[in-house]
Amino acid sequence: MSAVIDLKPMVRSTPIDLFIGGSWRPATDGQRIPVLNPATGAELVSVASGSVDDGLAAVTAAYETGPGWAATAPRTRAEILRRAFELMTERAEQLAVLIVLENGKILADARSEVAYAAEFFRWYAEEAVRGLGSVQTAPSGRNRIMVMRQPIGVSVLVTPWNFPAAMATRKIGPALAAGCTVVLKPASETPLTALAIAEILAEAGVPAGVVNVLPSCRSGPVVRAMLDDLRVRKLSFTGSTEVGRRLLTVAADSVVSSSMELGGNAPFLVFADADLDTAVRAAMVAKMRNGGEACTAANRFYVQRPVVEQFTRRLACEMGDLRLGSGLDERVQLGPLVNAESRQKVARLVDETMDMGATARTGGSPVDGQGFFYPATVLADVPPGAPVLSEEIFGPVAPVVAFDTEAEAIELANDTVYGLVSYVCTSDLTRGLRVAEALDCGMVGLNRGVVSDPAAPFGGTKQSGLGREGGHEGLLEFTESKYIAVQW
Ligand code: NAD
């Protein structure tokens, strides 16, 4: 569990103040947030914690630069985003280390995240110059219906800690491409990555005030004050369903357009005809990417009875072999959870499930010592009604349940308030597509454990969210249609 590099130089070279109107500054009231290293529990550094006044100053900066940025040629906006992609790619290793330090994930996952995050800048650099809008003849034949897409305006972006780079670029990329200016409020656990991205954007040529970054441990009042400010026209939130629901009511007061990327409870279905090598490989990625701390993480495994024992044994074997430790050690395959509360939640879910009769095939109890570690755990014979099947685990725990028929699998999979993603493993493509259509969710992984792609629309149904990020649809979320009835 030893760190292999000296942590301090990396943290010292990273900005730790608020980024407002193109300047770095401390909070008006001097407050700071301690940033902890999840592998040790020790404080890495503290960053400025924005106040309500700072939040409103950031809105002012975004508002004042809005018209200039909206009028900037799409090609210029595209080239700035492209430069940001290149700078992120050049600094990939530094950013990856920063992510490991404040989030705890392993270096391999952090490197993948940086590559994925940078792709949003490249993708939206390409999207920025694609024309939007249409002209058609009205059905009466008397006039034309002209529709243009305009930038929606000042956008407040609120992001979680689990993908500190990608959740920020997935919002900033399309917002800037569409011609919007933004205030980003990153999660208090992981503000350093967001501040490093702000620095990159400024270097790439984003004008002062177009992107403002405001860490704050007073999220509730700061975000409310920004949403109550009539200059703000968009809220793009990624985080838990609980907080998203609360923010929707706040946004309702000023009728602010809201995009919501919320929690998930992904089912992972394995049919008896599946290729088990593929299924186990996909399961490992779907469950263990980011140590299970992903909204897309497989939360419940439903396996057809003839192969349930074989699948469970193989999954337990792979999960049990994972080396636990500090994410900075290249040999480590599972890092700590982000904080003590997350670890407590995971431990509670496992304990409750075992009290109900489930058995741990690997893992099953917390690791002693410093840091927020929990071992990879596979639970077999999980009874219906176990909370681990209905709550978002957000940790390295795989509960396995047997099913008999396709109809039963679909019913079990859809039995949740969430609808983000589902996974299906089968060698029968007809079955795979039929089941994918019947699943009530926004995304399906068919014989694969990763769905995320900057070019694809990411998002969920039911209480997993509203709207989509990524792809062409992600750009439209930051635009408003204007229809002009034209007579000529
Ligand atoms: P969270 O909801 O606790 O926090 C998300 C963000 O909201 C953070 O920046 C936080 O500081 C802020 N926040 C918290 N309370 C607030 C309030 N009252 N007002 C305004 N802002 C507030 O979520 P988290 O723990 O950071 O992240 C984990 C959750 O995010 C999981 O539920 C996960 O599924 C979800 N998530 C979803 C997606 C997706 O694309 N659907 C992606 C990643 C994470």
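**Reading the strands and residues of a predicted model**

Q: What makes β5 and β6 count as paired strands in this predicted model?
A: Strand β5 (residues 134-137) and strand β6 (residues 144-151) are joined by four bridges in the antiparallel sense. Pairing calls for at least two bridges, so β5 and β6 qualify. Within the pair, Val 135 stands opposite Met 146 in β6. The two strands form a hairpin with six residues between them, and Gly 141 in the turn has a positive phi of about 80 degrees.

Q: How do you know that β6 also pairs with β22?
A: Eight bridges link β6 to strand β22 (residues 479-486), again in the antiparallel sense. Since at least two are needed, this counts as a pair. For Arg 149, the bridge partner in β22 is Ser 481.

Q: Why is Thr 238 called buried?
A: Its relative accessibility is 7%. Buried means under 20%, so Thr 238 falls in that class. Thr 238 is found in strand β10 (residues 232-238). Leaving out residues up to four places away in sequence, Thr 238 touches several others, including Val 158, Met 167, Glu 261 and Glu 469.

Q: What makes the link between the side chains of Thr 238 and Lys 171 a polar contact?
A: The two side chains are joined at 2.7 Å. The limit for a pair of N or O atoms is within 3.5 Å, so the distance meets it.

Q: Why is Cys 217 called partly exposed?
A: Cys 217 has 40% relative accessibility. Buried is under 20% and exposed is over 50%, so Cys 217 belongs in between. This cysteine lies in the loop between β9 (211-213) and α8 (219-228). Beyond its neighbours within four places in sequence, Cys 217 is in contact with Gln 31, Ile 33, Ser 49 and Ser 188. Cys 217 and Ser 49 are 168 residues apart in sequence, yet 5.9 Å apart in space, C-alpha to C-alpha.

Q: Why do β14 and β19 stand at the edges of their sheet?
A: The open sheet has seven strands in the order β14-β15-β16-β13-β12-β18-β19, with mixed pairing. β14 (359-362) and β19 (443-446) each have a single partner strand, so one side of each has no neighbour in the sheet. On average, neighbouring strands here are turned by 25 degrees against each other, direction ignored.

Q: What makes β18 and β19 a pair?
A: Strand β18 (residues 421-425) runs parallel to β19, and four bridges join them. At least two bridges are required, so they pair. Tyr 423 has Gly 445 as its bridge partner in β19.

Key:
Residues are numbered from 1 along each chain as its sequence is written. This is a predicted model: local features need pLDDT of at least 70, side-chain atom pairs count only at pLDDT 80 or more; totals for chains, interfaces and linings use all residues. Side-chain values use heavy atoms; hydrogens and water are left out. Buried means under 20% relative accessible area, exposed over 50%, partly exposed in between (1.4 Å probe, protein chains only). Contact means heavy atoms within 4.5 Å. A polar contact is a pair of N or O atoms within 3.5 Å; within protein, one must be able to donate a hydrogen and the other to accept it, and residues adjacent in sequence count only if both atoms are side-chain atoms. Axes are lines fitted to C-alpha atoms, for helices over the stretch in contact, and angles run from 0 to 180 degrees between N-to-C directions.
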